[in-house]
There are 2 protein chains.
Amino acid sequence: METFKSQTTPIVYKLDRIGGPERGFISLVNDYDIGFPIRRVYWIYDNPKGLVRGHHAHRTLQQVLVAFSGSVKITTENTSGDKEKFILSNPSMVLFIPPLHWRWIDFSPNASLLCLASDEYNESDYIRDYTKFKSLSNEV
Amino acid sequence: METFKSQTTPIVYKLDRIGGPERGFISLVNDYDIGFPIRRVYWIYDNPKGLVRGHHAHRTLQQVLVAFSGSVKITTENTSGDKEKFILSNPSMVLFIPPLHWRWIDFSPNASLLCLASDEYNESDYIRDYTKFKSLSNEV
């Protein structure tokens, strides 16, 4: 697969589905594929109907998202106000989100989401104030 | 959580479930938690009923497994013939499998499995001949 190393906008990538109906399917990523070290992995599950998460951006964190079940609609916005919408509806689809993108994540009923992150949790890397986020357009 | 760094036998560990019924749950691992770099991540999904995978051991690879949906029964055997059975039935349970453990993996209908692996794919790290695997007990 292509690496996301120099990617500065969100991008959906379709992974191979290795296998078949009689033995199931595997999809995979290597750290060298995605272009960042996988320092932290988390997964969001047992979600209530109508859940929307996100509402933040990261200063430096890079992430790759996979919808394991159900579908997940992700809206991103950069500091210039450019919005994009993505729908992850299959475990072979991954979404790369670079730093400095606000995100809204809508879960379908019973959707679960896997996230591969380039760094450990660090509250100071979060931007949780939307107005402050938008004001960064003057800095970058 | 405890690290699996010096762990030489398979072990199930229960992660925190961060969240609640009104906003869903998150579970997570950091590379420093599990004690090995997460070089490769793969997931097994859209499995047929009655699927059994595995039937191999690894010379050096370390793995952490998570059942994302359904339940997954894993039987391991070391080179001395010691067998253990584990059932992953919740996304907050992880199973660490150290090197030199044969494994059989039984999937419930609609079960899916996440695997965090300490290295990239390397066919020479696989031991696929059970008789050869058992003969390693004389070497280690």
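This is a predicted model: local features need pLDDT of at least 70, side-chain atom pairs count only at pLDDT 80 or more; totals for chains, interfaces and linings use all residues.
Ten salt bridges are found in the structure, counted over all chains.

**Stop 1: chain A as a whole**

Two helices and twelve strands make up its secondary structure. Following the chain along its sequence, the order is β-β-β-α-β-β-β-β-β-β-β-β-β-α.

Now switch to the C-alpha trace. Along its principal axes, the trace of chain A spans about 55 × 35 × 25 Å. The radius of gyration of chain A is 15 Å, which agrees with the value near 14 Å that a compact globule of 140 residues would have.

**Stop 2: inside and surface of chain A**

Colour chain A by accessibility. Of its 140 residues, 53% are buried. Next, turn to the contacts: among those in chain A with a separation of 6 or more, 77% are between residues 24 or more positions apart.

Show the surface of chain A. Then select the charged side chains. Chain A has 16 positive and 16 negative ones, and the centres of the two sets lie 4 Å apart.

**Stop 3: a pair between chains**

Select B:Arg39 and A:Asp31. These two residues form a salt bridge, with 3.7 Å between the closest N and O atoms. B:Arg39 sits in the loop between α1 (31–34) and β4 (40–45) of chain B, while A:Asp31 belongs to helix α1 (residues 31–34) of chain A, so the pair joins two chains.

A:Asp31 counts as buried because its relative accessibility is 18%, and the cut-off for buried is under 20%.

**Stop 4: a pair within chain A**

Move to A:Glu123 and A:Arg128. Their side chains meet in a salt bridge at 2.7 Å, N to O. A:Glu123 is partly exposed, with a relative accessible area of 36%. A:Arg128 also counts as partly exposed, at 46% relative accessibility.

**Stop 5: a pair within chain B**

Finally, select B:Glu22 and B:Arg23. The side chains of B:Glu22 and B:Arg23 form a salt bridge, 3.8 Å from N to O. Which exposure class does B:Glu22 fall into? B:Glu22 has 56% relative accessibility and so counts as exposed. B:Arg23 is partly exposed, its relative accessible area being 43%.

Terms used: Residues are numbered from 1 along each chain as its sequence is written. Chains are lettered from A and ligands numbered from 1 in the order in which they are written. Side-chain values use heavy atoms; hydrogens and water are left out. Helices (H or I, at least four residues) and strands (E, at least two) are DSSP runs, numbered from the N terminus. The radius of gyration is taken over C-alpha atoms; the globule rule is 2.2 Å times the number of residues to the power 0.38. Buried means under 20% relative accessible area, exposed over 50%, partly exposed in between (1.4 Å probe, protein chains only). Contact means heavy atoms within 4.5 Å. Lys and Arg count as positive and Asp and Glu as negative; His and the chain ends are not counted. The place of a charge is taken as NZ of Lys, CZ of Arg, CG of Asp or CD of Glu. A salt bridge is a side-chain nitrogen of Lys or Arg within 4 Å of a carboxyl oxygen of Asp or Glu.
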